[in-house]
Amino acid sequence: MGWFLVGAAYLTTAMYVDAAMWYPAGDEDETTGDGFWERGETLLFEQPARIDAGVAAVADSVAGAPEMYFLGFAGYGEGRVFAEEIKLAAQVVGQRFATVARELLLVNDRRDLDSLPLATTASLGYALRGLANRMDVEEDILFLALSSHGSEGTLAVLNGPLMLQELSDEALAEALGASGIRWRVIVISACHAGSFVDALKNPDTIIITAAAADRTSFGCSDERDLTYFGEAFYRDALPGAETLRAAFEIADEAISRREAAEAKRASDPQAYFGEALERHLDENFGAPHPE
């Protein structure tokens with residue numbers, strides 16, 4: 001009965017059926033055509049078990065040695081750039097903060113429905129609670145990376161014709177609070193991502209966003225592997241930067257130069273650095289921490 005109730009929650013609170021499902025579609029990828037809809041309901045019911053399996057593979061916390069855990073969320077499955085960016089983020093954070101054995105990815109990707117759990121508002125909350133059970137929530141640090149299209153106060157969540165509930169700033173704050181995880185690094189790569197800062201900030205949290213609340217970011221087309229922010233922050237700045245603040249400043253400057261050269265309106269990346277978490281990071285991760 002427990003599994004049924006969890007699955008039902010996905011179906012009733014996270015799914016909207018597009019009217020397009022009633023019309024024939026091609027077989028261009030795994031999330032179009034009749035095949036997808038034959039599997040759609042099953043896929044949603046499978047998600048708690050997939051997340052449980054992912055959490056079971058995550059290493060437990062080590063007493064007396066604060067560790068970092070990585071959770072990635074690629075929300076928009078119609079653009080491969082978001083899935084690729086979260087995979088790179090996991091790789092870079094894994095090398096920089098030794099999270100390789102302590103990572104979980106939630107990914108919407110029209111090319112692949114099976115390799116990873118899907119990214120939904122419900123699955124994010126479920127994954128956070130699962131990771132919290134592996135962590136020392138008073139000492140360990142969560143690195144939460146999100147990548148998607150965005151508007152003010154929301155991130156897009158979509159996987160083919162399965163139109164899922166958008167992730168709002170309030171829903172993200174509620175899910176983090178319910179998890180009990182104290183220390184949080186949150187990096188949001190999306191247009192208008194700065195609109196999430198007010199709902200999430202506190203002294204135990206660092207928030208880095210690709211754009212101000214009223215600005216768009218760039219490079220999110222389906223043909224790309226990374227957004228402008230993903231290139232500047234994850235690929236170029238974070239691997240060698242001594243601190244997250246330094247990585248943000250390097251990325252911010254690079255993005256500003258690029259946008260000016262291309263005559264684009266500045267995306268104006270934003271950051272909030274909670275003082276308590278900066279101290280906690282400096283004490284435990286102040287220098288590169290290779291695996």
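I began with the rule for a salt bridge: a side-chain nitrogen of Lys or Arg within 4 Å of a carboxyl oxygen of Asp or Glu. This is a predicted model, so I kept in mind that local features need pLDDT of at least 70 and side-chain atom pairs count only at pLDDT 80 or more, while totals for chains, interfaces and linings use all residues. Residues are numbered from 1 along each chain as its sequence is written, and side-chain values use heavy atoms, with hydrogens and water left out.

**Entry 1: salt bridges**

I searched the whole structure and got 20 salt bridges. I looked up Arg235 and found a salt bridge with Glu231, the closest N and O atoms being 3.9 Å apart. Arg235 and Glu231 are four residues apart in helix α7, so about one helical turn separates them.

Next I checked accessibility, where buried means under 20% relative accessible area, exposed over 50%, and partly exposed in between (1.4 Å probe, protein chains only). Glu231 is buried at 13%, whereas Arg235 is partly exposed at 43%.

Lys264 is partly exposed at 30% relative accessibility, and Glu262 is partly exposed at 36%.

I then turned to Arg182, which forms a salt bridge with Glu138, the closest N and O atoms being 3.8 Å apart. This pair links distant parts of the chain, 44 residues apart: Arg182 is in the loop between α5 (169-179) and β10 (183-189), and Glu138 is in the loop between α4 (121-134) and β4 (141-147). Arg182 has 32% relative accessibility and counts as partly exposed; Glu138 is partly exposed too, at 42%.

**Entry 2: a charge without a partner**

I looked at Arg96 in helix α3 (residues 80-97). Arg96 is buried yet has no salt bridge, and the nearest side chain of opposite charge, Glu242, is 7.8 Å away. For charge, Lys and Arg count as positive and Asp and Glu as negative, with His and the chain ends not counted. What does the side chain of Arg96 meet at Glu242? I found the backbone oxygen of Glu242 at 3.0 Å from a polar atom of that side chain.

**Entry 3: two helices**

I took the axes of helix α7 (residues 228-237) and helix α8 (residues 244-261): they come within 9 Å and cross at roughly 135°. That makes α7 oblique to α8, since angles under 35 degrees count as roughly parallel, over 145 as roughly antiparallel, 65 to 115 as roughly perpendicular and the rest as oblique. Axes here are lines fitted to C-alpha atoms, for helices over the stretch in contact, and angles run from 0 to 180 degrees between N-to-C directions.

**Entry 4: backbone notes**

Most residues other than glycine have a negative phi. His192 is in the loop between β10 and α6 (197-200) and is buried at 16%. Phi of Asp268 is near 55°, also positive; Asp268 is in the loop between α8 and β12 (270-273) and is partly exposed at 36%.

Notes
Polar contact = N/O pair within 3.5 Å; in protein donor to acceptor, adjacent residues only side chain to side chain.
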